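The following note sets out points for a colleague who is about to examine this model. Please read the numbered points with the structure open.

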Amino acid sequence: TATGQVITSDEFENLNRDLTYISPNGKLLAITRYEQSVGTVQLLDIAQKKIIKKLTGIRDSSISLLSFSKDNRYMAAKAGKSILLYDLTTLEYVKTFYS
């Protein structure tokens, strides 16, 4: 973003309905998807250009918002009326907060 130059590009399928997010440290790209009646987040390692983890959300609810903590330790995903918390150091689900 500092220079406005394109560094790299890649092809992904069906991005017309997906949302994309970049982690604060610039190492992860998160793509939200709705697959087989559940919202998911695909985490990609930008440097390696590969999916490192696919995290599952809540059945029958797409993920509408995603946020990373400033220290890149946690990722929060809004699915329906709930917030799901994931630990990015272990790449595991932590907890669901319900409204």
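Leaving aside neighbours within four places in sequence, with which residues is Leu66 in contact?

1. Contacts of Leu66. Once neighbours within four places in sequence are left aside, Leu66 is in contact with Tyr21, Ala30, Thr32, Val41, Met75, Ala76 and Ala77. Contact here means heavy atoms within 4.5 Å.

2. Basis of the note. The model is predicted, with local features requiring pLDDT of at least 70 and side-chain atom pairs counted only at pLDDT 80 or more, while totals for chains, interfaces and linings use all residues. Residues are numbered from 1 along each chain as its sequence is written, and side-chain values use heavy atoms, with hydrogens and water left out.

3. Nonpolar core. Leu66 is among the residues with the most contacts inside the largest nonpolar core, which has 16 residues; Ala30, Val41, Leu43, Phe68, Met75 and Leu88 are the others named. At least two core residues come from each of strands E2 (28-35), E3 (38-45), E5 (63-68), E6 (74-79) and E7 (82-87). Such a core is a set of buried Ala, Val, Leu, Ile, Met, Phe, Trp, Tyr and Cys residues joined through side-chain atoms within 4.5 Å. Strands (E, at least two residues) are DSSP runs, numbered from the N terminus.

4. Open sheet. Four strands form an open sheet in the order E1-E2-E3-E4, with antiparallel pairing. Strands E1 (19-22) and E4 (50-59) stand at the edges with a single partner strand each, so one side of each has no neighbour in the sheet. From one strand to the next, the twist averages 20 degrees. Two strands pair if DSSP finds at least two bridges between them. The angles, on a scale from 0 to 180 degrees, are taken between the N-to-C directions of axes fitted to C-alpha atoms.

5. Strand E3. Because 8 of the 8 residues of E3 are buried, this strand is largely enclosed by the rest of the structure. Val38, Thr40, Gln42 and Leu44 are buried on one side, and Gly39, Val41, Leu43 and Asp45 on the other. Buried denotes under 20% relative accessible area, exposed over 50%, and partly exposed in between (1.4 Å probe, protein chains only).

6. Partners of E3. E2 and E3 pair in the antiparallel sense over 8 bridges, and Thr32 has Val41 as its bridge partner. The hairpin of E2 and E3 has 2 residues between the strands, and Gln36 in the turn has a positive phi of about 50 degrees. E3 and E4 are also paired in the antiparallel sense, over 7 bridges; in E4, Lys53 is the bridge partner of Leu43.

7. Hairpin of E5 and E6. These antiparallel strands are joined by 5 bridges, and Ser67 has Ala76 as its bridge partner. Of the 5 residues between the strands, Asn72 takes a positive phi near 65 degrees.

8. Salt bridges. The structure holds 4 salt bridges, each defined by a side-chain nitrogen of Lys or Arg within 4 Å of a carboxyl oxygen of Asp or Glu. One of them joins the side chains of Glu35 and Lys54 (2.6 Å, N to O), linking strands E2 and E4 across 19 residues. Another joins Arg73 and Asp87, with the closest N and O atoms 2.8 Å apart. Arg73 lies in the loop between E5 and E6 and Asp87 in strand E7, so this pair ties together parts that are 14 residues apart in sequence. Arg73 is partly exposed at 33% relative accessibility, whereas Asp87 is buried at 7%.
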